[in-house]
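Visitor: I am new to this structure and would like to learn how to read it. Please show it to me, and then take the features in turn.

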Amino acid sequence: SGRAPPPLAALSQVLRLERSRRTGIVFPLQKLERYLAPGTDTARFRLFQPGLAALQRAEALFRSDRGHPIDYVSSAVRMDHAPPPALPEVCFIGRSNVGKSSLIRALFSLSPEVEVRVSKTPGHTKKMNFFKVGKYFTLVDMPGYGYRSPQDFVEMVEAYLQERRNLKRTFLLVDGVVGLQKTDHTAVEMLEEFGIPYVMVLTKIDRASRGLLLKNVLEIQEFVKENTQGCFPQLFLVSSVEFSGVHLLRCLVAHVTGNLPTVETS
Ligand code: GDP
């Protein structure tokens, strides 16, 4: 379908913005730094801070063309229906309504032919959706969880996380407006128990006031520091509406799947 990518989906558009706005879109966490109390340790804000060249190389991976197809591959409800683990893989998990499909759509927005399916109808089987990004990596959209998730769903997610040999990193989405909820803690416990490396992504940051966002960021950062082993210490903030953090997340996905070995600092 000939849908045009939304504004700011491409770095070239972001680069035309004035400096402060540009920082807010590309490095939303850094943008918050100036509002912290003096002396606050911001080392965890800048662990992954790629330069423009790396961001551009990552963007190229997310832009399909004739020699580099990006496709929805298949859906699976059981592990024996999952495609062969041929490529490095990342998966996205989070509560229903956390903004997962919006984020995956934003990541793939430069390839508008990629269809990110949503199955939200109650009673509709929840599936794992696999996307193939050329010959470079696969991305899995895991079904959203909630406190009413049926047991077979929990078992599917657990089986995937435990068995998937090519899984390089799990992205755990948390609502940036409401912060960590009970079901998020359950997901963290599961990831910690399995010893799986993961990254926490705070969604919908355009909907939080700066004060609320700072409070949530500092609280979650502290939680990660005190209670987790497998979570990357830097939080990733995104808005699929304003495109903040999406370019940086593309770069992280490219990096953890081994497709961007050197990420020179900006
Ligand atoms: P999912 O259930 O995790 O796939 O969540 P969706 O992507 O369907 O999003 C749930 C709701 O939140 C929808 O109404 C979206 O329009 C909204 N939403 C998702 N991402 C954002 C965002 O970045 N900003 C804002 N303001 N709304 C968002």
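Guide: Start with a term: two residues are in contact when heavy atoms of theirs lie within 4.5 Å. The model is predicted, so local features are given only at pLDDT of at least 70 and side-chain atom pairs only at pLDDT 80 or more, while totals for chains, interfaces and linings use all residues. Residues are numbered from 1 along each chain as its sequence is written, and side-chain values use heavy atoms, with hydrogens and water left out.

Visitor: Which residues is Ala76 in contact with, leaving aside its neighbours within four places in sequence?

Guide: They are His81, Ala82, Lys127, Met128, Phe130 and Met156. Ala76 belongs to strand S1; strands (E, at least two residues) and helices (H or I, at least four) are DSSP runs numbered from the N terminus.

Visitor: Is Ala76 buried or exposed?

Guide: The terms go by relative accessible area, with a 1.4 Å probe and protein chains only: buried is under 20%, exposed is over 50%, and partly exposed is in between. Ala76 has a relative accessible area of 1%, so it is buried.

Visitor: In what sense do S1 and S3 pair?

Guide: S1 and S3 are antiparallel, over 6 bridges, and Ile70 has Val133 in S3 as its bridge partner. S3 (residues 128-133) also pairs with S4 (residues 137-141) in the antiparallel sense, over 5 bridges. S3 is mostly covered, with 5 of its 6 residues buried.

Visitor: Where is the parallel sense found?

Guide: One case is S2 (residues 89-94) with S5 (residues 167-175), which pair over 6 bridges. Val90 is opposite Arg169 in S5.

Visitor: What joins the side chains of Glu89 and Tyr160?

Guide: A polar contact is a pair of N or O atoms within 3.5 Å; within protein, one must be able to donate a hydrogen and the other to accept it, and residues adjacent in sequence count only if both atoms are side-chain atoms. The side chains of Glu89 and Tyr160 make such a contact at 2.6 Å. Glu89 is in S2 and is buried, at a relative accessible area of 0%.

Visitor: Which value of phi does Asn97 have?

Guide: Phi of Asn97 is near 80°, positive in a residue other than glycine. Asn97 lies in the loop between S2 and helix H5 (100-107), and at 58% relative accessibility it is exposed. Lys204 also has a positive phi, about 60°, although it is not a glycine. Its place is the loop between S6 (198-203) and H8, and at 21% relative accessible area Lys204 is partly exposed.

Visitor: How many cavities are there of 30 Å³ or more?

Guide: Rolling a probe the size of a water molecule over the atoms shows where empty space is left. On a 1 Å grid over the protein atoms alone, a cavity is a set of points where a 1.4 Å probe fits but cannot get out; a pocket is an open set with protein on both sides within 12 Å along at least five of seven lines; lining residues have an atom within 4 Å of a point. Points are joined across faces, edges and corners, and a volume is the space filled by probe spheres set on them. The count is 1 cavity of 30 Å³ or more. The largest cavity has a volume of about 70 Å³, and H3 gives the most to its lining, with 3 residues.

How values were computed:
Two strands pair if DSSP finds at least two bridges between them.
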